[in-house]
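Here is a short note to read beside the model. Keep the 3D view open and take the points in order.

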Amino acid sequence: MRKPVIAILLDALEPAWLDRWIAQGQLPTLAKLRADSARFLLHGVRPFTGELPQVVMLTSTLPEKLKYWGAFNYDALACEPRYVRAYDYGAIRNFYDYSPGLKVCQFDLPKAGFARVAEGLQVLNWGAHGSLNDSSSNPPELFDELVRVYGLHPGLEKDHVEPWQYRRLNDLMGELVAGVRLRTRVHRDLLARANWDLFLTSYSEFHSGGHCYLHFEDPSYPLYERKVASEPILAIAREIDASIADLLLAAPTNAAISVFSVHGMVKNSWEINSMYILPEFLHRLAFPQRIRQPNGPPPPPSVGKWWWADTVWDLTFGNTRPKPNMGEGINWLPGAWYASDWPRMAAFAIPSLDEGMIRLNIRGRDPQGRVQPDDYDRVLGEIGAAIDTLKDARTGKRLIARLFRTRSDPLDDGPHVPPADLIVEWTQDPCDVADSRLVGRIGPVPLRRTGGHSPNGFAWFKDERLPPGDQPKAATPYDLGPTLLDLIGADIPDHFDGCSVLSERRKHTERTIFREFDPNL
Ligand SMILES: [Zn+2]
């Protein structure tokens with residue numbers, strides 16, 4: 001006998017915000033759900049904090065088995081960056097896609113894919129933030145039908161807004177609220193179409209709003225400004241609370257309910273480090289003629305006045321080399337600007353939005369390799385120690401929090417390992433200008449979107465088999481799929497790397513994919 005389950009992803013909602021708003025009495029529906037639910041802290045995926053949590057949640061599988069490391073990769077033969085977009089759900093499918101006859105509705109999950117075994121429907125990229133999918137559906141005609149009846153989410157693909165775009169920030173707020181209201185109507189429609197075993201949906205507006213509005217929310221952010229009367233992300237939260245109330249009213253009375261997020265949102269302190277400071281640092285190491293020494297104290301932090309990538313290009317290269325078309329492919333990512341020089345560098349940075357990703361140029365592995373495999377450990381240590389000279393030019397604080405190495409054998413390469421040999425986890429303070437005794441001063445560059453990802457998530461399950469309240473043992477994104485299947489009463493595939501929270505045999509509470517690396521040992 002199967003039990004219906006309603007599962008709601010509150011994408012990239014920082015759990016501490018939710019706790020604060022509930023304590024303030026702002027969110028009555030979520031407050032009631034919280035009180036009735038078994039509540040787990042969720043330790044997200046680290047490294048790959050921003051890129052992988054949704055995919056490992058949807059597959060309950062480790063990235064080395066998925067052979068997927070996020071949207072940005074590296075073509076070793078061509079020695080150039082590769083934009084791979086979403087996981088293809090080919091060899092390993094959605095967690096719910098192994099039970100023939102399971103009736104599943106999946107609406108607007110980011111970085112998701114179509115099912116092949118489960119009955120039902122999936123809708124991709126209707127309004128999700130950073131979905132990496134084309135707007136499409138299974139069955140194919142459903143997407144057009146939804147657009148015809150309800151329209152597209154008004155914020156779709158328009159939610160990458162910079163802090164200097166005041167009018168767009170204001171307009172986006174209205175689009176996100178309108179998008180939540182449209183979701184409410186779509187939910188009602190889709191929920192009524194079948195007796196679903198699993199109704200899996202997502203609200204993307206915390207994700208969009210968190211990236212864009214954090215400087216209105218967090219007084220510790222360098223650009224904090226209390227320019228608006230109400231807190232924008234809280235306004236979105238209230239709308240979502242009302243939308244969830246509507247959904248639960250229409251849900252079967254015996255349904256188990258889950259609300260969760262697989263990563264969170266904090267000050268954006270990693271993007272500029274990974275996107276610009278690290279690639280520029282490694283380029284200067286290889287081409288010391290580009291070293292620039294500090295010239296007095298840096299000017300105050302700014303948001304610039306034009307597109308970030310254009311401004312950063314002008315500050316970096318000016319007219320010294322042809323400027324790429326920033327609208328083409330991933331040219332807007334500064335890491336890609338250095339690719340033509342990668343064959344002449346011992347180490348270079350692969351484009352990334354979260355942790356820094358460093359590839360060594362290894363002879364016998366990379367076509368124009370410069371580092372002998374026997375020198376791998378030594379060079380890894382040298383590069384790690386060199387990066388550790390980077391300090392925030394304003395505060396003198398170190399930029400590196402931790403380093404991870406991804407393999408012991410440098411010739412071990414392929415989709416089961418990430419393209420980076422060394423991964424850099426940064427500290428949590430936003431930095432626009434860095435000094436290093438090795439390469440001089442990098443920046444200042446304008447600060448950009450102000451929210452960035454944390455590995456903090458949460459999962460609530462309202463079901464009579466689980467006691468309400470905070471649970472002592474944390475869970476992971478890998479545990480979501482098996483738990484939802486367990487609540488439904490469906491079989492849990494053996495290959496999963498997570499475990500149902502109803503099971504006594506939970507495998508792990510936190511999974512660090514790679515071992516930490518201390519360049520000084
Ligand atoms: Zn994001």
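1. Start with the core. The largest nonpolar core holds 144 residues, and Val104, Leu198, Phe260, Phe281 and Ala459 have the most contacts inside it. A nonpolar core here is a set of buried Ala, Val, Leu, Ile, Met, Phe, Trp, Tyr and Cys residues joined through C-beta atoms within 7 Å. Helix α9 (residues 271–286) gives the largest share of this core, 8 residues. Domain 1 (5–266 + 452–509) and domain 2 (271–448) both contribute residues, so the core lies between them. The domain bounds come from an automatic or database domain assignment. In soluble globular proteins, nonpolar side chains tend to be buried together.

2. A word on the source. This is a predicted model: local features need pLDDT of at least 70, side-chain atom pairs count only at pLDDT 80 or more, and totals for chains, interfaces and linings use all residues. Residues are numbered from 1 along each chain as its sequence is written.

3. Now the whole chain. It has 12 helices and 21 strands. Helices (H or I, at least four residues) and strands (E, at least two) are DSSP runs, numbered from the N terminus. Buried residues make up 51% of the 521 residues. Buried means that 20 or more other C-beta atoms lie within 10 Å of a residue's own; exposed means 12 or fewer, and partly exposed is in between, with C-beta atoms placed from the backbone.

4. Look at leucine 198. Beyond its neighbours within four places in sequence, leucine 198 is in contact with Val5, Ala7, Tyr96, Leu102, Val104, Leu484 and Ile488. Contact means C-beta atoms, placed from the backbone, within 7 Å.

5. Which way do the residues of β5 point? Lys103, Cys105 and Phe107 point one way, Val104 and Gln106 the other, and all are buried. Strand β5 spans residues 103–107.

6. Check the partners of β5. Strand β6 (residues 119–124) runs parallel to β5, joined by 5 bridges. Strand β8 (residues 198–203) also pairs with β5 in the parallel sense, over 4 bridges. Pairing requires at least two DSSP bridges between two strands. Phenylalanine 107 has valine 123 as its bridge partner in β6, and it stands opposite threonine 201 in β8.

7. Is proline 100 buried or exposed? Proline 100 is exposed, because 9 other C-beta atoms lie within 10 Å. Proline 100 sits in the loop between β4 (80–83) and β5. From proline 100 to aspartate 134 is 34 residues in sequence and 26 Å in space, C-alpha to C-alpha.

Note on methods. Contact = placed C-beta atoms within 7 Å.
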